[in-house]
Amino acid sequence: MRVLSAASAIPETVVGNEAIEARLGLERGWIERRTGVRRRPTAAAREATSDLAIRAGGAALERAGIQAKDVGLLLLATSTPDHLLPPTAPLVAHRLGLPQSGAIDLAGACTGFLYALVLGSSFANNHGKAVLVIGANVLTRRTNERDAATAGLFSDGAGAVVLAPAEPSNLLGSFLGSDGSGYEAIGIQAGGSREPITHGALDEGRNLMAIRRGSLFFRQAVHGMVEAGEEAMKAAGVNSNAVDWWIPHQANSRIIEDAGKLLGITPQRTVNVVAQYANSSAATIPVALAHALDEGQIRAGNIILFTAVGAGLVSAGAVVRW
């Protein structure tokens with residue numbers, strides 16, 4: 001497998017920290033000090049996850065220069081599908097004009113894109129077909145605007161990559177992990193089979209994102225990010241000194257900084273775009289990758305380490321030669 005292209009789709013509307021801090025009665029600068037976020041891209045009222053996914057996926061396909069008939073699979077990593085049923089990926093594939101492509105949603109939370117990348121890589125090489133991998137979310141519609149812990153953190157956006165079959169594969173090593181003991185740390189309680197949506201659930205905001213045991217989740221996220229990175233590098237046969245760029249899930253800047261120190265990767269080799277784009281879960285890594293490519297930071301032959309930790313808890317790491 002090799003990655004042919006990357007592209008992103010960012011909503012035009014941006015909500016700055018000042019508006020959120022004023023609404024919640026927070027001290028000016030509180031959000032940035034705690035998260036690194038300065039602004040939060042926010043989808044327009046009639047803009048859904050599929051709209052952002054189509055824009056990012058279409059741009060990635062155009063940059064890759066491949067024909068629609070050559071795409072064999074579309075994997076959409078999202079926690080905010082257009083509807084609970086049907087899945088959103090078939091709609092995205094239809095709108096992109098992919099007549100011979102399978103399409104399915106992957107609900108891997110913040111690790112969803114990396115899970116899709118690893119699984120898509122195997123499909124590409126086994127079937128000799130290109131794979132379109134998209135991470136897309138509209139998390140602002142699942143954020144409790146009265147909750148200081150989440151109101152300034154989560155955002156909307158989409159990023160996409162096109163994978164092509166190649167031997168030897170440019171995916172040098174990967175790691176996929178989970179730790180269900182942290183299942184309750186972060187999530188949306190109501191809306192699934194365990195707890196359906198009711199008037200009471202809506203009144204209590206149980207249909208919105210909640211972070212419980214925040215300090216514990218922070219430590220688990222750092223540990224998971226480091227473990228995923230170390231295991232992926234071990235599988236690839238490289239160490240942190242060989243990594244040209246580390247692109248972590250853009251959870252928040254403090255997690256990135258702490259994990260980077262433990263991995264032995266300096267800020268100068270880290271792509272950190274939390275300030276500009278905030279946390280759009282599965283979309284953050286492809287958005288950050290597209291940003292780094294557009295800025296000319298990544299060059300052919302570079303070794304890139306990707307890591308992510310998300311609700312579940314699930315973790316993932318991948319090492320790719322660009």
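Trainee: What is the relative accessibility of Ile66, and in which class does it count?

Mentor: The classes rest on relative accessible area with a 1.4 Å probe and protein chains only: buried is under 20%, exposed is over 50%, and partly exposed is in between. Ile66 has 23% relative accessibility and therefore counts as partly exposed. Keep in mind that this is a predicted model, in which local features need pLDDT of at least 70 and side-chain atom pairs count only at pLDDT 80 or more, while totals for chains, interfaces and linings use all residues. Residues are numbered from 1 along each chain as its sequence is written, and side-chain values use heavy atoms, with hydrogens and water left out.

Trainee: Where is Ile66 placed, and which residues does it touch?

Mentor: Helices (H or I, at least four residues) and strands (E, at least two) are DSSP runs numbered from the N terminus, and Ile66 sits in the loop between α3 (49-64) and β4. A contact means heavy atoms within 4.5 Å; not counting residues up to four places away in sequence, Ile66 touches Leu4, Leu61, Val71, Ala130 and Val162. Ile66 and Val162 are 96 residues apart in sequence, yet their C-alpha atoms are 9.2 Å apart in space.

Trainee: In what order do the strands of the sheet run, and what is the pairing?

Mentor: Strands of a sheet pair through backbone hydrogen bonds, either parallel or antiparallel; here two strands count as paired if DSSP finds at least two bridges between them. In this model five strands form an open sheet of mixed pairing, in the order β1-β7-β6-β4-β5. Because β1 (2-9) and β5 (102-106) stand at the edges with a single partner strand each, one side of each is left without a neighbour in the sheet. β7 pairs in the antiparallel sense with β1 over seven bridges and with β6 over eight bridges, whereas β4 (residues 71-77) and β5 pair in the parallel sense over five bridges.

Trainee: How many residues of β7 are buried?

Mentor: Nine of the nine are buried, so β7 is largely enclosed by the rest of the structure. Asp156, Ala158, Ala160, Val162 and Ala164 point one way from the strand, and Gly157, Gly159, Val161 and Leu163 point the other way.

Trainee: Is Ser281 buried or exposed?

Mentor: Ser281, in the loop between α10 (274-277) and α11 (284-294), counts as buried because its relative accessibility is 5%. A polar atom of the Ser281 side chain lies 3.3 Å from the backbone nitrogen of Cys110.

Technical notes: Polar contact = N/O pair within 3.5 Å; in protein donor to acceptor, adjacent residues only side chain to side chain.
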